[in-house]
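Walk through this model with the coordinates open.

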Amino acid sequence: SSGINAEWPLRPGAFAGLTADARILVNMARVECQSYRLTVEDPVSMSYIARHIASVKQHFTQRPGLRPFGLSTLIVGFDYDGSAHLFQTDPSGTYHEWKANAIGRSGKTVSEFLEKHY
């Protein structure tokens, strides 16, 4: 067995921020992937799940009485056709697709290196 599960396209990515918030978002993403599969009968695309996570983060940012998620995430995965994707979501609810990116303490330095050499 290759260890790759076609039902769950997300692979462990990276995050910068609160670990507890990351666990909550991963569980929400897993439930959304399963719900999508049961409803549409197709695997979820990476752009769909990145948009879903970003909309959840934006919802918690806009609603009074809810604490915003305190983390940025890099979401890595493969679509059903085998194409690889890397998305970044911010606490504000924005998301972007990248060829390569870094977040966190040294994220700016690493991003500059990637821009020059990638």
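Predicted model: local features only at pLDDT ≥ 70, side-chain atom pairs only at ≥ 80, totals over all residues.

Residues are numbered from 1 along each chain as its sequence is written, and side-chain values use heavy atoms, with hydrogens and water left out.

Strand β3 covers residues 84-89 and strand β4 covers residues 95-98. Helices (H or I, at least four residues) and strands (E, at least two) are DSSP runs, numbered from the N terminus. The two strands are antiparallel and share four bridges; pairing requires that DSSP finds at least two bridges between strands. Thr-89 sits opposite Tyr-95 of β4. Five residues separate β3 from β4 in this hairpin. In the turn, Gly-93 has a positive phi of about 105°.

Now turn to the largest nonpolar core. A nonpolar core is a set of buried Ala, Val, Leu, Ile, Met, Phe, Trp, Tyr and Cys residues joined through side-chain atoms within 4.5 Å. Buried means under 20% relative accessible area, exposed over 50%, and partly exposed in between (1.4 Å probe, protein chains only). This core has 14 residues. Leu-25, Ile-49, Ile-53 and Ile-75 touch the most other members. At least two residues each come from α1 (19-40), α2 (46-62) and β2 (71-78). The largest share, five residues, belongs to α2.

Next, find Thr-73 in strand β2. Thr-73 is buried, at 10% relative accessibility. What does Thr-73 contact, beyond its neighbours within four places in sequence? Contact means heavy atoms within 4.5 Å. The partners are Ala-14, Phe-15, Lys-57, Phe-87, Gln-88, Thr-89 and Ile-103. With Thr-89 there is a side-chain to side-chain polar contact at 2.2 Å. A polar contact is a pair of N or O atoms within 3.5 Å; within protein, one must be able to donate a hydrogen and the other to accept it, and residues adjacent in sequence count only if both atoms are side-chain atoms. Gly-104 is 31 residues from Thr-73 in sequence, with a C-alpha to C-alpha distance of 9.5 Å.

Finish at Asn-101, in the loop between β4 and α3 (107-117). Its relative accessible area is 15%, so Asn-101 counts as buried.
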